[in-house]
Amino acid sequence: MLKRLHHNAYRCRDSEETRKFYSDFLGLPLVNAFQISETKSGRATRTLHSFYQMEDGSSLAFFEAPDMPFTFKPQHDFDLHIALEVTQEDLQMMFAKGKAGGIETRGISDHGFIDSIYFRDPNGYVIELTAKREGHDEIVAAATETARQKLDEWQRTKPPVVST
C-alpha cells in the first residue's frame with residue numbers, strides 16, 4: 001500500500017533563505033513552488049509552498065505562511081531532525097563546506113553502521129547527512145531480527161516521563 005515518501009513538509013520563515021540553504025548549500029533542486037490563496041476550510045491566506053527534490057524523486061517541502069502564527073524554536077536532535085543519505089565522499093565534502101561557509105556544523109559522528117554530520121537550517125531545523133559504513137546492510141538486517149524484542153523491553157523498563 002505505502003510505496004515511498006513523496007514529501008515531508010515544514011514551515012519556513014523565509015522562502016528565499018530556505019532556498020539558499022536547500023538548493024545552494026545542499027544542492028537539492030527547487031522543483032515546484034506555488035501560492036495558496038485559500039485553505040481547504042475556505043480561509044483566505046497568502047502562503048508559498050515550495051519543493052526541493054532528492055535523487056529518488058521524493059521532496060522536502062516548505063510553507064511560508066506569514067499570516068499564520070508559528071513559533072520557530074531551536075530543535076534538539078531528539079525532537080526533530082531530517083536525515084538524508086549521502087556517500088562517504090560527499091559527507092566529507094559537505095562537512096568541509098559547512099565549516100567553510102560558517103554554517104553550524106557538527107560531527108562526524110560514528111553510529112556504528114553510519115557516519116553522520118549535522119547542520120542547522122535557517123528555520124532552526126537540524127539536518128543530518130548520513131553515509132553508510134561497511135557492513136551497514138548486515139547490521140540493519142541483524143537489528144531487524146531483535147527490534148520488536150528491544151521495543152518491548154523498553155516499554156517494560158523505561159523511566160517515568162518527566163513533565164514540563
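**View 1. The largest nonpolar core.** Of its 21 residues, Tyr 22, Leu 26, Leu 60, Phe 62, Leu 84, Ile 127 and Leu 129 touch the most other members. A nonpolar core here is a set of buried Ala, Val, Leu, Ile, Met, Phe, Trp, Tyr and Cys residues joined through side-chain atoms within 4.5 Å. Buried means under 20% relative accessible area, exposed over 50%, and partly exposed in between, with a 1.4 Å probe and protein chains only. At least two core residues come from each of helix 1 (15-25), strand 4 (59-64), strand 5 (81-85), helix 2 (88-100), strand 7 (114-120) and strand 8 (126-132). Helices (H or I, at least four residues) and strands (E, at least two) are DSSP runs, numbered from the N terminus. In soluble globular proteins, nonpolar side chains tend to be buried together.

The model is predicted: local features need pLDDT of at least 70, side-chain atom pairs count only at pLDDT 80 or more, and totals for chains, interfaces and linings use all residues. Residues are numbered from 1 along each chain as its sequence is written, and side-chain values use heavy atoms, with hydrogens and water left out.

**View 2. Leu 84 and its contacts.** Which residues is Leu 84 in contact with, leaving aside its neighbours within four places in sequence? They are Leu 26, Met 54, Leu 60, Ile 127, Glu 128, Leu 129 and Thr 130. Contact means heavy atoms within 4.5 Å. Leu 84 is also among the core residues that touch the most other members.

**View 3. The 1-4-3-2 sheet.** Four strands form an open sheet in the order 1-4-3-2, and the pairing is mixed. Strand 1 (7-11) and strand 2 (30-38) are the edge strands; each has a single partner strand, so one side of each lacks a neighbour in the sheet. Between neighbouring strands of this sheet the turn is 20° on average, direction ignored. Axes are lines fitted to C-alpha atoms, for helices over the stretch in contact, and angles run from 0 to 180 degrees between N-to-C directions. Two strands pair if DSSP finds at least two bridges between them. Helix 1 lies across strand 2, strand 3 and strand 4, and runs at about 10° to strand 3.

**View 4. Strand 4 and its two partners.** Five of the six residues of strand 4 are buried. Strand 1 pairs with strand 4 in the parallel sense, over five bridges. Strand 3 (residues 44-53) runs antiparallel to strand 4, and six bridges join them. Phe 63 is the bridge partner of Arg 11. Phe 63 is also the bridge partner of His 49. Leu 48 is bridged to Glu 64. The hairpin of strand 3 and strand 4 has five residues between the strands, and Gly 57 there takes a positive phi near 95°.

**View 5. The 5-8-7-6 sheet.** This open sheet also has four strands, ordered 5-8-7-6, with mixed pairing. Strand 5 and strand 6 stand at its edges with a single partner strand each, so one side of each is left without a neighbour in the sheet. The twist averages 20° from one strand to the next.

View 6. Strand 6 (residues 105-110) and strand 7 are antiparallel, paired over five bridges. Arg 106 stands opposite Tyr 118. Asp 110 stands opposite Asp 115. Three residues lie between the two strands, and Gly 112 in the turn has a positive phi of about 90°.

View 7. Beyond four places in sequence, Ser 116 is in contact with Leu 91, Gly 107, Ile 108, Ser 109, His 111, Glu 128, Leu 129 and Thr 130.

**View 8. The whole chain for orientation.** The protein chain has three helices and eight strands. From the N terminus, its elements run β-α-β-β-β-β-α-β-β-β-α. Of its 164 residues, 30% count as buried.
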